[in-house]
Amino acid sequence: MGYDMATTEGRGAPEANNYPHESTEGGRNEGRLRVKGPEVDVSPLKESITFPFSGRTAKNRFLKAPMTERLCRWNKEGENINTRGYPTDEYKRLYERWGEGEIGVIVAGNVMLKYDAVEAFGNPILPDNHDNRVEAFAEVNKLTKAHGSLSIAQLSHPGRQGGAALNPNPISASDVQLKIEWAGNKFNKPRPMTVPEIKDMVKHWGEVSYLCYKAGFDGVQIHCAHGYLLAQFLSNTTNKRTDEYGGDLDNRSRIIIEIIEEVHRRVNDPSFIVCVKMNSVEFQPGGQTPDDCKELCLKLEQARVDFVDLSGGTFEGRAFEHKKESTKARESYFIEFAEMIRPLLKKTKVYVTGGFRTASGMAQAVSGGACDGVGIGRPLGAEPYLCKEILEGRVHGAIENFVPLPQNTQGTGTQLHQIGHGHELISDWSEREEVNRWVDAFEKETQRKIAILPKVDSSGYPPLKAEVGFQYVR
């Protein structure tokens with residue numbers, strides 16, 4: 001989950017308008033409105049899944065999708081930037097709650113490779129162990145895995161997609177600038193990476209993976225989606241290189257395959273999971289296509305990738321909505337792409353993230369063979385025990401979300417901070433008055449941020465104490 005600011009038709013419409021469905025009334029503090037789904041056999045979701053190359057087994061078919069929590073320590077003015085990205089108690093508490101939620105695979109979002117190349121204020125960062133941060137992340141993993149979940153670190157570099165205030169000198173595959181702006185934020189023109197810099201980046205990715213291994217992560221996810229650095233190499237819109245890292249798909253994907261090989265070399269443990277987050281499609285002219293995705297998935301299987309998590313879109317081409325009428329009834333935005341890709345793979349497993357809201361939609365996706373597992377993002381910000389409660393038959397659909405697009409990711413960010421700070425209630429976005437309170441807080445925080453730029457002193461998620469909320473410990 002990252003900034004979701006692309007201009008689209010229907011800008012400002014609630015996320016809940018994005019798919020045809022009915023709502024059902026909930027009890028007090030249990031979600032005022034939920035997406036209505038029929039009671040179904042959820043046994044397909046309870047089945048374990050064993051990954052082909054590491055041999056590790058996830059206890060069920062759920063995956064907590066990576067989101068940008070922005071709860072880690074940040075350097076104060078005048079402090080060295082190598083103090084930023086250290087896990088806080090709030091960060092630990094959030095992952096402890098997800099661990100209690102009986103999720104098969106929990107992917108930690110946006111673990112950054114460099115102190116000076118970040119997605120946002122508050123990102124976790126693990127480039128070295130100068131301040132015992134490996135041990136701090138190990139504490140997080142102990143809590144995350146206490147109930148049997150597998151814990152995976154999503155390793156990411158923003159490339160050109162890091163805001164100018166925190167990333168004044170960005171690098172990318174080429175010098176194609178991200179031109180969109182919002183709330184005073186902009187993106188500087190990137191410098192193309194040299195071949196020696198690419199080789200160094202590959203080695204560093206392997207070293208950070210080794211630190212993740214020492215910190216108790218069960219594996220790493222190579223972030224190749226949503227317009228970040230590796231996606232910038234993959235896409236023709238951002239890769240204009242004429243050397244061995246540009247041109248056809250073999251060349252554009254070369255850095256990814258080299259990184260995967262380096263991770264396998266550096267982490268000399270065959271049980272360490274290597275997986276990839278990738279776009280099934282980019283919704284813009286000249287972007288990555290489903291055919292590119294199919295070809296790349298075959299290359300990833302040859303590189304011993306345990307599973308791919310399919311998503312889509314970039315900052316410029318919005319993904320978190322339905323593009324086709326045919327996918328709305330099936331909930332997932334990318335399910336048709338998964339159905340094209342899964343039959344081609346003999347070993348590598350396929351997860352799909354984006355759009356799932358009911359137990360019936362999730363169970364059908366797995367039992368019908370569209371995918372091996374389902375990734376859940378924003379609904380697990382609203383209710384961290386959603387997967388557990390679906391498997392127990394307590395709920396059949398997620399809480400409605402009336403936060404206006406495209407601020408839905410920031411709305412979830414506020415909920416993540418409420419969980420991390422130990423609030424008893426999580427704001428209920430199915431209650432319109434609670435949404436209106438959040439929108440007011442968001443507008444105030446946005447204006448405050450604009451007034452102090454280029455200084456950045458917060459996550460950008462407005463703090464809010466729920467007046468109408470979901471009581472997740474019930």
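**Entry 1: a helix pair**

I began with two helices and saw that α4 passes α7 in a right-handed crossing. I kept in mind that this is a predicted model.

Next I looked up the geometry. Helix α4 covers residues 195-214, and helix α7 covers residues 254-266. Their axes come within 8 Å and cross at roughly 40°. That angle makes α4 oblique to α7.

Then I asked which residues of α4 and α7 meet. On the α4 side I listed Ile198, Lys199, Val202, Lys203, Trp205, Gly206, Glu207, Ser209 and Tyr210. On the α7 side I found Ile255, Glu258, Ile259, Glu262, Val263 and Arg266. I sorted this contact by class: seven residues are nonpolar, two are polar and six are charged.

**Entry 2: the largest pocket**

I turned to open space. The largest pocket holds about 400 Å³. I counted 22 residues in its lining. Which of them lie nearest the centre? They are Trp74, Asn75, Phe121, Val456 and Asp457. By class, the lining has nine charged, eight nonpolar and five polar residues.

**Entry 3: the second largest pocket**

I moved on to the second largest pocket, with a volume of about 340 Å³. Its lining has 17 residues. Nearest the centre I noted Asp116, Ala117, His157, Asn169 and Ile171. The lining divides into eight nonpolar, five charged and four polar residues.

Technical notes:
Residues numbered from 1 in each chain as written. Predicted model: local features only at pLDDT ≥ 70, side-chain atom pairs only at ≥ 80, totals over all residues. Heavy atoms only, no water. Axes fitted to C-alpha atoms, helices over the stretch in contact; angles between N-to-C directions. Helix = DSSP H or I, 4+ residues; strand = E, 2+ residues; numbered from the N terminus. Parallel < 35°, antiparallel > 145°, perpendicular 65-115°, else oblique. Left-handed = near helix turned anticlockwise from the far one by under 90°. Contact = heavy atoms within 4.5 Å. Nonpolar A, V, L, I, M, F, W, Y, C, P; charged D, E, K, R; others polar. 1 Å grid on protein atoms, 1.4 Å probe; cavity = no way out; pocket = protein on both sides within 12 Å on 5 of 7 lines; lining within 4 Å. Points joined across faces, edges and corners; volume = space filled by probe spheres on them.
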